[in-house]
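Please load the model in a viewer and keep the sequence panel open beside it.

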Amino acid sequence: MMKPGTLILYAAARFLLPLQLIFSLFLLLRGHDEPGGGFIAGLVAAGAFSLYLFAFGSEVTRDLLRIDPRTMIGIGLLFGVASAFPALIHGQAFLTAQWWPIALPGGAELKLSTPLIFDIGVYLAVVGTVMTFVVALAESEEA
Amino acid sequence: MQFAVFSGFLLAAFTPLLSARFRDRLGWVLALLPASLAVWFAMQLPLIMSGEVLVQTMEWIPGLGISLTMTLDGLSLLFALLISVIGTFVLLYASSYLHGHQDLTRFYVVLLSFMASMLGLVLSDSLITLFVFWELTSITSYLLIGFNHQDASARKAALQGLLITVGGGLALLAGMVLLAQGAGSYSLQEILTQGEVLREYPLYLPMLLCLLGGAFTKSAQFPFHFWLPNAMAAPTPVSSYLHSATMVKAGVYLLARLHPALGGTEAWQFILPLFGATTMFVGAFMAIRSTGIKKLLAYSTVMALGTLTLLLGIGTEKAMLAFAAFLLGHSLYKGALFMVAGALDHSTGTKEVPEMGGLRHLMPVTMVAAVVAGLSLAGLPPLFGFVAKELMFEAVLGGSVLKAFTLTLAFAAAALGIAVAGVVVLRPFFGALKTTPKKPHEADWPMLAGPLTLAFLSLLFGVMPGMAGSLLVLPASSAVAGYEISYGLSLWHGINAPLLLSIASLIVGGLVFRHWDAYRAKVAVLNPIIARGPEAGYFKLMDGLVWIADWQTRWLQNGSMRNYLTVILLTFVGLTGYTLIWRYQLHWNWDIQVQLHELVTVGLLVAATTVVFLTRSRLGAVASMGVVGFAVALIFILFSAPDLGITQILVETLTVILLVLVLFRLPSFGNLSTPTQRIRDALVAAATGVLMTLLIMVTIDVQLVPSISSVMIEQSQPLAYGRNIVNVILVDFRSLDTLGEIFVLALAALGVYAMLRLHPETAPGANHLAGSLILPPLKKQAKKSPPKECASTAQPEQGKESAS
């Protein structure tokens, strides 16, 4: 089914991918205060990679991803689990949020925290899951 | 004591590592652990003899008030010593008996785990921990019976043992919950002080029956006795350890443990002697008609377990004393005899007694151990078995309920027991030498250490019964009775009724032994009746279980998506609808302000849904489903839930992408259901829709509990430093849920991956219809498969939505 894409699709996928990925990171990071968060951001990123896959095929997309989508799920789960433990060091209940805010020059504040780590885990798990579906489907199609 | 239990599990975990280091000596190294545990337990003897109870508490989950308390009293100590001493010898024995076996390391791992579980069982104070260890012994027993897993009969026997003991375990759990409800505590120490309350407890009888269900299955009481002889499929070290000396006594242990709290009632004094005496006789009778040496011993173990139950049921001071003495005596001689049986099997290559004979010159040391242990089994002086048997007769004579019945059966069992002892000990070693499959040779020392030591202890305790009494028997029987018992054990009681019974049983047993072959031929007449015994019932039950599973799978889980949906939805409508109407009646609250743009959105939703099931083109259906999705997203956004709206839109988009990937593989978009089916489906759908509407009406009207959303909104900023409540809930307030959900997501991904990558014709269970549904084989068979694929591919999507 993967016929060579049209010129428009090629060009669009090439330009849209970085934009969409930056947008997904933006959604991920602002999620705690504004609409967004790991789940939504993950879906956006997965959409971006899927578009790329439609244009250039699964092989190229795999190379672009660098790591196997299934590995990505694993890393996401690791992030999720890892965020549960800092609380134990302080003798608090499992998964209690820990905050390490860092003041940045210019009045801004970087809110480092375990919820952020957790959200990154969700993000990776979602991207990995959707890409596992899409790549596996596309490859069984190409085979 | 916690360490004593956990050290076994710990050592089991490291055994594979030690295996590479010590190779053939591994068994000896591992035996050091039970040996040192035995020494530690022996060091507690003076304390326990003085009537103290050792209690050690370790906090486990302090937040829930759960602690890991272990107690050591006379009964626990007797068991702990038996477990660790016999465990030591069994490990030594196995190193030689299973020498060079490819799975020897695995054997050690399971055996050590069993030992630790059994110690945990007899030391636990909490009913819950006791139950956990109880089940662990069932599981390890399963693994050990099925150790030769390539042998179908071993697997079958293992499964039978597991199903019966675990089935009983379920009853036990119910009984324990009732017990804890009645006594108001899960701690055995407290339960034992609540005897008065428990005996008056209205649910006393159901509770007792449940507990007995657990104890009788574990301790192989009639009619559950048949799994034990079948368990002889296990390697002999296992039979001598689990299925004679320790695990099968767990049921008896539990009854003894609870005796001070539950014993003495009419039900107790009727049921226990009834089943105990029956088991005793059935065991003895079945033993004498077997020819395999291990079967003989197994049935005589059944007999011993029946004796122990009978004695507990009688419940007098004498009976308690006899219980502890018989328990000790039996573990010693039966452990030794099983090891002898293994040595015979190992060196002659046969398990059949009639094929062995005249081995006294070839295996003299084995013979000594066998004869001493056999005399104890027969209950002859000056062995400890004699002391125990005299006490048993004395206790039965002193019983009150069912006295004639129990005395007759006890006498018959004792007589047949003597014949069993003769068959097991005299036949293989005396008479003319017979040719056996292997050339017999003397066993090596690791296989002899156990039987010799245990036989020697039988002799020592027999000669010095006072020592055995004060060290082990009296503390144990005091714990079972619940009050201090002081009584000197002695070998010679003078000429009295028990002695006369002993002599009479010796004569009868001797006659049966002399005419064993003729006797067996006579008893063979009863074979058709025995074939219809409890074991046949077990197989009937298993067949029934399979039949029910088959029937309900065909009916409920037949692989048809429509069927699943119908069942799920109708169940939902039935249960929820019933509760809704029964509790809240119907609510018709039309007092809702509806804006025009809301009406338009809903109209769009309804129109698009209608198109989905009227359209004749797939693309049309897909596009209409898309409209439904976007309309829902619009509603989310209208009611200020932007996160949900965005998620919904993204999920819709990804659904389209996935659909494009499988579009060309989908079968033609035909209409396969009959009009009747469609009407039925429409009715189900309509019922569900109506119920959902009613539900929403009620939730708007009825406020059962104060909404927690206001709390979350208030706390979002101060506690979680975030303004987006949805995200704060997802990653902070309820992050454990989200953590679970991303794991579900990962599993869904792996499931889809497996379905796509495993080719239906080569995958395990290849003939299963579901395997061919999602992606048919490369040959173009796609058009034939039913149109369930949309639903199957959409499933992962649902998984994602639930995570949002």
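**Stop 1: helix α4 of chain B**

Select residues 74-97 of chain B, helix α4, whose 24 residues should span 34 Å at 1.5 Å a residue; the end C-alpha atoms are 33 Å apart, which agrees. The expected span of a helix is 1.5 Å times one less than its number of residues. Helices (DSSP H or I, at least four residues) and strands (DSSP E, at least two residues) are runs numbered from the N terminus. α4(B) is mostly covered, with 24 of its 24 residues buried. A residue is buried if 20 or more other C-beta atoms lie within 10 Å of its own, exposed if 12 or fewer do, and partly exposed in between, with C-beta atoms placed from the backbone.

The model is predicted: local features need pLDDT of at least 70 and side-chain atom pairs count only at pLDDT 80 or more, while totals for chains, interfaces and linings use all residues. Residues are numbered from 1 along each chain as its sequence is written, and chains are lettered from A and ligands numbered from 1 in the order in which they are written.

**Stop 2: chain B as a whole**

Chain B has 34 helices and two strands, and its C-alpha atoms fill a box of roughly 105 × 60 × 55 Å along the principal axes. Of its 804 residues, 44% are buried. Among contacts in chain B with a separation of 6 or more, 78% are between residues 24 or more positions apart; two residues are in contact if their C-beta atoms, placed from the backbone, lie within 7 Å.

**Stop 3: B:Trp134**

Select B:Trp134, which is in helix α6 (residues 127-145) of chain B. Is B:Trp134 buried or exposed? B:Trp134 has 30 other C-beta atoms within 10 Å and is therefore buried. Leaving aside residues up to four places away in sequence, B:Trp134 touches B:Leu121, B:Gly169, B:Leu172 and B:Ala250.

**Stop 4**

Select residues 204-218 of chain B, helix α10; its 15 residues should span 21 Å at 1.5 Å a residue, and the end C-alpha atoms are 21 Å apart, which agrees. α10(B) is mostly covered, since 11 of its 15 residues are buried. Among the buried residues are B:Met207, B:Cys210, B:Phe216 and B:Lys218. Their cover includes α7 (152-183), α13 (250-262) and α14 (266-288) of chain B.

Continue to B:Ala220, in the loop between α10 and α11 of chain B. B:Ala220 has a positive phi of about 50° although it is not a glycine. This residue counts as buried because B:Ala220 has 27 C-beta neighbours inside 10 Å.

In the loop between α10 and α11 (227-230) of chain B, select B:Pro223 as well. The peptide bond joining B:Phe222 and B:Pro223 is cis, with omega about 5°. Another cis peptide bond joins B:Pro381 and B:Pro382, also with omega about 5°; B:Pro382 is in the loop between α17 (364-378) and α18 (384-397) of chain B.

**Stop 5: helices α28 and α29**

Select residues 618-638 and 642-662 of chain B, helices α28 and α29, whose axes come within 7 Å and cross at roughly 165°. That crossing makes α28(B) roughly antiparallel to α29(B). Axes are lines fitted to C-alpha atoms, for helices over the stretch in contact, with angles from 0 to 180 degrees between N-to-C directions; angles under 35 degrees count as roughly parallel, over 145 as roughly antiparallel, 65 to 115 as roughly perpendicular and the rest as oblique.

The contact includes B:Val622, B:Phe630 and B:Ile637 of α28(B) and B:Leu644, B:Ile649 and B:Val656 of α29(B). Its residues divide into 11 nonpolar, four polar and one charged. Here Ala, Val, Leu, Ile, Met, Phe, Trp, Tyr, Cys and Pro count as nonpolar, Asp, Glu, Lys and Arg as charged, and the others, Gly among them, as polar.

Between these helices, select B:Ser640, in the loop between α28 and α29 of chain B. Phi of B:Ser640 is near 45°, a positive value in a residue other than glycine. B:Ser640 has 8 other C-beta atoms within 10 Å and is therefore exposed.

**Stop 6: the contact of chain B with chain A**

Finally, display both chains. The contact takes 41 residues from chain B and 41 residues from chain A. On the side of chain B that touches chain A, α29, α32 (725-733), α33 (735-757) and α34 (789-803) of chain B each supply at least two residues. α33(B) gives the most to that side, with 14 residues. The residues of the side of chain B that touches chain A divide into 29 nonpolar, eight polar and four charged.
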